[in-house]
Amino acid sequence: MEPGTLAWLGFGWWSFGSAIQWASAALARTPRRTFAVRHRAGDFSIVAPMAGAEDATVAYVEVLRRLAEAGVEVLICVAQPDDGAVAPLRTLWPEAPILVGRDDTFNPKMNNVRKGLEAASRPVVGLCDAGIQLGLDELCRAAAPLAEGAGLVLALKAAEAPGTFAAEIERAYIDGHQARFLFAADRLGLAVASGGVTLMTRETLQRIGNWRGFNRWIADDYSVVRSVRELGLSTLLGEVMPRLPLGERSWPIVWQRQVRWARTRLRLPVWPLVLWEPAIGWAATGLAGVGALIYSGANAALVVGALVFHTVAWLLAEKWFMKGRGLSFGVGAAAAALVREVLAPVLIVNALWGRTIYWRGSDLGGQWRDRHVAPKDRQRDAASGKSV
């Protein structure tokens, strides 16, 4: 291939990746139109699963207690009576409504949540990630689209208050990367799903089979969005972004969480997008641009200057998005964003390398495979005359 052709390909790839970076920021930075608030506290049931003492923080328990005192039906779910969350819950909130028990499906989270979804009795049901900071006003505003016909609203969480640089990197994944692309896709009308607070009417919950609507795919958030959309109802990301204080996080925990989420998405119909992400990231597009300049005969000073320009422009796009959503983006956030981008190829290699998806001591990937493999094995055994 001629050097000139390689240079044009490199410039084209750099331009394409940079355009996606800025286009996603432009689409994602502005919230949707504001919906009129029609709900009050007595309309809500909030299902709050916990697993371990780390979920029952003082701040989170206080959030749930205040919602309950305001009139919200709060249903805290734990899998067993001696779960680590029970003791701090009883200390901080002696009368906390705790539901105990677990199902035996492939999904340990839904095994814990099922009883809460079945017990929810109010017109609007919400499933809340542990640690979310959510007031009654935010809850009512988040649920507002339901009164105008939306089938499901996801209040996407926004990470804040990182206590370590590892936590800052996790914030870069949650806010600067995931939230940006999810909001952009949502503005384009695509079905998107992620963690936060999932809200729908109780009628819709029953129409999707209650907890069964969350268990059709390996990821419960993706599954419930697909289930609601198949009813012919819309799903969307809400204007409210409840905060998730990160505090101190260790790097191994942060990295394991990103690998787990990448492996999970590779088992969903959106897997091509997962493979595509590193190719349009800062590292790949910057390398393409640098290569194009080198093939064009540019000197070292021009190459370095172009790389600096590429980096600054990339970070400015992310900062522009964050500012539009009311999220901070300082020097630490910029450094974390660059670390995230450098690690993008490493992350996808790690995600492809293994099949295990650890979630709080359980292999979610293995249990998902067994869910489908076992019936096929039984059918083969029956066809061959083996006892089953």
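In the predicted model described here, A161 is placed in strand β6 (residues 158-162), where strands (E, at least two residues) and helices (H or I, at least four) are DSSP runs numbered from the N terminus. The phi of A161 is positive, near 50 degrees, in a residue other than glycine. Because its relative accessibility is 48%, A161 counts as partly exposed; buried denotes under 20% relative accessible area, exposed over 50%, and partly exposed the range in between, with a 1.4 Å probe and protein chains only. A positive phi, of about 55 degrees, also occurs at N210, which is not a glycine. N210 belongs to the loop between α7 (202-207) and α8 (220-229), and with a relative accessible area of 6% this residue is buried.

Residues are numbered from 1 along each chain as its sequence is written. As the model is predicted, local features need pLDDT of at least 70 and side-chain atom pairs count only at pLDDT 80 or more, whereas totals for chains, interfaces and linings use all residues; side-chain values use heavy atoms, with hydrogens and water left out.

Helix packing was examined next. Two packed helices are described by the angle between their axes and the distance between the axes. Helix α6 (residues 165-187) crosses α13 at roughly 75 degrees, and the two axes come within 8 Å; axes are lines fitted to C-alpha atoms, for helices over the stretch in contact, and angles between N-to-C directions run from 0 to 180 degrees. The pair α6 and α13 is therefore roughly perpendicular, the class for angles of 65 to 115 degrees, as against roughly parallel under 35, roughly antiparallel over 145 and oblique for the rest. On the α6 side the contact (heavy atoms within 4.5 Å) involves F165, E168, I169, R171, A172, Y173, G176, H177 and R180, and on the α13 side G332, A333, A335, A336, A337, V339 and R340. Nine of these residues are nonpolar, three polar and four charged; Ala, Val, Leu, Ile, Met, Phe, Trp, Tyr, Cys and Pro count as nonpolar, Asp, Glu, Lys and Arg as charged, and the others, Gly among them, as polar.

Within α13 lies V339, which is partly exposed because its relative accessibility is 28%. With residues up to four places away in sequence not counted, V339 touches F165 and I169. The C-alpha atom of V339 is separated by 30 Å from that of T198, 141 residues apart along the chain.

Helix α13 (residues 331-342) also meets helix α12 (residues 300-324), their axes coming within 11 Å and crossing at roughly 110 degrees. Helices α12 and α13 are therefore roughly perpendicular. T311, W314, L315 and E318 of α12 make this contact with A334, A337, L338, R340 and E341 of α13. By class, the contact of α12 with α13 comprises five nonpolar, one polar and three charged residues.

For helices α9 (residues 251-265) and α14 (residues 344-353), the packing angle is about 65 degrees and the axes are 9 Å apart. From α9, the residues W255, Q258, V259, A262 and R263 meet V346, L347, N350 and A351 of α14. Six nonpolar, two polar and one charged residues form this contact of α9 with α14.

Helix α11 (residues 282-295) comprises 14 residues and reaches 20 Å from its first C-alpha to its last, close to the 20 Å expected at 1.5 Å a residue, the expected span being 1.5 Å times one less than the number of residues. Buried positions in α11 include W282, T285, G286, A288, G289, V290, A292 and L293. Following α11 is G297, with a positive phi near 90 degrees.
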